Amino acid sequence: MYFCIRKLILKLNKMKKIFTILGIVALSVGINAQELLVNPGFEAGLAPWAAGTTGSYTAPAIVTNDAHSGTNSAAYVGVTATTGFFQNVPVVGGQSYTISFWYKSSGDGTDSRLWSVYKNASNGAVYTTADATTDEFRTNNGYLPDAAVWTKHTATMPAHADATQLDVAVRVYNNGTAYFDDFSAAITGSLGVMDVKTFDKEVVMNTLVNDGITFRLPMRSTVNIYTMEGRLVSSDRVSDGQTLEASHLNSGYYIVIVDNGTAKISRKILKK
């Protein structure tokens with residue numbers, strides 16, 4: 001009788017741990033539903049970012065040992081000429097958009113800057129300011145302050161009525177060194193909340209696992225894997241389309257929690 005009661009208590013404690021994890025997930029809400037950029041944190045390499053927008057510019061290196069979050073960042077180290085990279089996204093004329101990113105920069109103080117521009121359907125630049133000194137998307141014709149640690153820069157600008165696209169672009173200048181990570185571009189004020197059910201529908205992953213778990217995500221998120229007893233076995237930053245290595249997991253069931261910073265959802269997986 002004693003052993004039956006003890007076994008029941010252990011089973012209830014195990015279930016309590018699992019329901020505690022799932023309960024925390026169910027209470028969280030809110031995701032970034034309007035992100036325009038693809039691969040904003042370079043976890044999938046560089047594409048669709050590209051060198052430019054001038055033909056002589058070169059692509060940045062993808063650095064795997066110095067990132068604001070996740071594994072990768074994009075960097076120019078000791079460049080010998082003006083260079084930069086960009087990603088083109090669609091916009092709606094008359095709307096205001098906000099660009100943000102994290103960076104580190106060093107040199108003589110004139111080393112890097114945001115240098116983005118709205119364009120019309122003919123690919124021509126369309127400005128909404130009288131000159132570059134009042135254009136936040138061109139760093140007010142200045143430069144990003146030198147920063148030895150990861151620093152966030154944010155700029156907001158209305159789109160010209162004729163604008164249909166936006167080049168989200170940065171530049172680095174002669175003898176400068178700059179690292180970039182975790183970009184965002186969205187309609188100003190659109191980073192609103194969405195219920196957990198909607199987030200749950202947008203997160204897709206295989207629940208029968210051999211060597212890896214492949215994720216379809218609305219944005220880069222933290223993925224935590226727990227044993228059924230509630231022990232954390234791994235925590236990784238994962239981007240849309242990324243496969244997380246799972247060959248190290250023992251056979252059995254696990255709980256996977258996907259957390260974008262404000263919303264969490266869970267899946268139960270079986271490692272074969």
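Start by selecting Pro90 and Gln165: proline 90 stands opposite glutamine 165 in β9. Strands here are DSSP runs of E with at least two residues, helices are runs of H or I with at least four, and both are numbered from the N terminus. This is a predicted model, in which local features need pLDDT of at least 70 and side-chain atom pairs count only at pLDDT 80 or more, while totals for chains, interfaces and linings use all residues. Residues are numbered from 1 along each chain as its sequence is written, and side-chain values use heavy atoms, with hydrogens and water left out.

**Strand β9 and its partners**

Now select strand β4 (residues 83-90), which pairs with β9 in the antiparallel sense over 8 bridges; two strands pair if DSSP finds at least two bridges between them. Next, pick strand β6 (residues 112-114), antiparallel to β9 and joined to it by 3 bridges. Here arginine 113 has arginine 171 as its bridge partner in β9. Then go to β7, which also runs antiparallel to β9, with 3 bridges. Lysine 119 has glutamine 165 as its bridge partner in β9.

Is β9 enclosed or open? With 8 of its 8 residues buried, β9 is largely enclosed by the rest of the structure. Buried means under 20% relative accessible area, exposed over 50%, and partly exposed in between (1.4 Å probe, protein chains only).

Select Gly52, Thr53, Tyr57, Trp115, Val117, Lys119, Tyr127, Arg138, Asp167, Ala169, Val170 and Arg171 to show the lining of the second largest pocket. On a 1 Å grid over the protein atoms alone, a pocket is an open set of points with protein on both sides within 12 Å along at least five of seven lines, where a 1.4 Å probe fits; lining residues have an atom within 4 Å of a point. The elements giving two or more residues to this lining are β7 (117-119) and β9 (165-172). β9 gives the most, with 4 residues. The volume is about 170 Å³, taken as the space filled by probe spheres set on the grid points, which are joined across faces, edges and corners.

**Aromatic pairs**

How many aromatic pairs are there? The count comes to 15, where rings of Phe, Tyr and Trp (its six-membered ring) pair if their centres lie within 6.5 Å, with planes under 30 degrees apart called stacked, over 60 edge-to-face and the rest tilted. Zoom in on tryptophan 49 and phenylalanine 183, a tilted pair at 4.8 Å centre to centre and 50° between the planes. Tryptophan 49 is in the loop between α1 (2-26) and β1 (50-51), phenylalanine 183 is in strand β10 (residues 177-187), and they are 134 residues apart. Tryptophan 49 counts as buried at 3% relative accessibility, and phenylalanine 183 counts as buried at 4%.

Move on to tyrosine 143 and tyrosine 173, an edge-to-face pair at 5.5 Å centre to centre with 80° between the planes. Tyrosine 143 counts as partly exposed at 33% relative accessibility, whereas tyrosine 173 counts as buried at 11%.
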